[in-house]
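The exercises below concern a predicted model. Work through each task before reading its solution.

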Amino acid sequence: MRGRKPKDVAMKILHGNPGGRAMMESSSGPFVCEPVVMPDGLSQLEQEEWCKLAETLKPILNRSSEGLLRVACSCYAEFMLADQVVRERGLTYQTDGEAGVVIRVHPAVKIRDSARLAYHRALIELGGSPVASTRVRKLPTKKTAAEEKTGTGRFFTR
């Protein structure tokens, strides 16, 4: 596949349509801000990160964000645990080889680095990194029945 993956029309609208090109109607409907529900089975580290991210990203999250939010929390916990191992045991370890003592990189270093990268990518997808947050506008809340009848209420707020 070549080029960037296509964006849904609602996401183009949320990002502000910087190109100003005409857009087709979205088949999936607009994204609406909804509270996310913490899943069962998260570790203590994952729960703490979930609460922090859910509160910070509250204006731009909806129920479809829960899976990616869980991925971000899992990567964060993995990163923190591997980082703890690296701090306790060091970046390298020694083994005895045919040529004598060989110094190798500790496996926790690679685990830590890949978890950090995956966490960063998940934050970008969620709009939670410092740069990504400047590109995403706050999602609208669900309209009340009165607003739906009269057509009042803005779709997007800034």
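**Exercise 1.** Over the ring of which residue does the charged end of Lys52 sit?

Solution. The ring is that of Tyr76, and the charged end of Lys52 is 5.3 Å from its centre. A charge counts as sitting over a ring when it is within 6 Å of the ring centre and within 35 degrees of the ring normal.

**Exercise 2.** Find the aromatic pairs in the whole structure and classify what the search returns.

Solution. Step one is the search, which returns 1 aromatic pair. Step two is the geometry: the ring centres of Tyr76 and Tyr119 are 5.5 Å apart and the planes make an angle of 50 degrees, so the pair is tilted. The cut-offs behind this are under 30 degrees for stacked and over 60 for edge-to-face, with the rest tilted. Step three places the partners: Tyr76 belongs to helix α3 and Tyr119 to helix α4, so the pair ties together parts 43 residues apart in sequence.

**Exercise 3.** Decide whether Tyr76 and Tyr119 are buried or exposed.

Solution. Buried requires a relative accessible area under 20%. Tyr76 has 17% and is buried. Tyr119 has 14% and is buried.

**Exercise 4.** Describe helix α4 by its span, its buried face and its cover.

Solution. Begin with the span. Helix α4 runs over residues 107-126, a total of 20 residues, and reaches 29 Å from its first C-alpha to its last, close to the 28 Å expected at 1.5 Å a residue.

Next, list the buried positions of α4: Ala108, Val109, Arg112, Ala115, Tyr119, Ala122, Leu123 and Leu126. Viewed down the axis of α4, these buried residues fall within an arc of 160 degrees, so they line one face of the helix. The face turned away from the buried side of α4 carries Lys110, Arg121 and Glu125, which are exposed.

Then ask what covers the buried residues of α4; the cover includes α2 (44-56), α3 (66-89) and β2 (100-105). Finally, look just past the end of α4, where Gly127 takes a positive phi of about 80 degrees.

Definitions and conventions. Residues numbered from 1 in each chain as written. Predicted model: local features only at pLDDT ≥ 70, side-chain atom pairs only at ≥ 80, totals over all residues. Heavy atoms only, no water. Helix = DSSP H or I, 4+ residues; strand = E, 2+ residues; numbered from the N terminus. Expected span 1.5 Å × (residues − 1). Buried < 20%, exposed > 50% of the residue type's maximum accessible area, 1.4 Å probe, protein only. Arc of directions from axis to C-beta. Contact = heavy atoms within 4.5 Å. Phe/Tyr/Trp six-rings, centres within 6.5 Å; stacked < 30°, edge-to-face > 60°.
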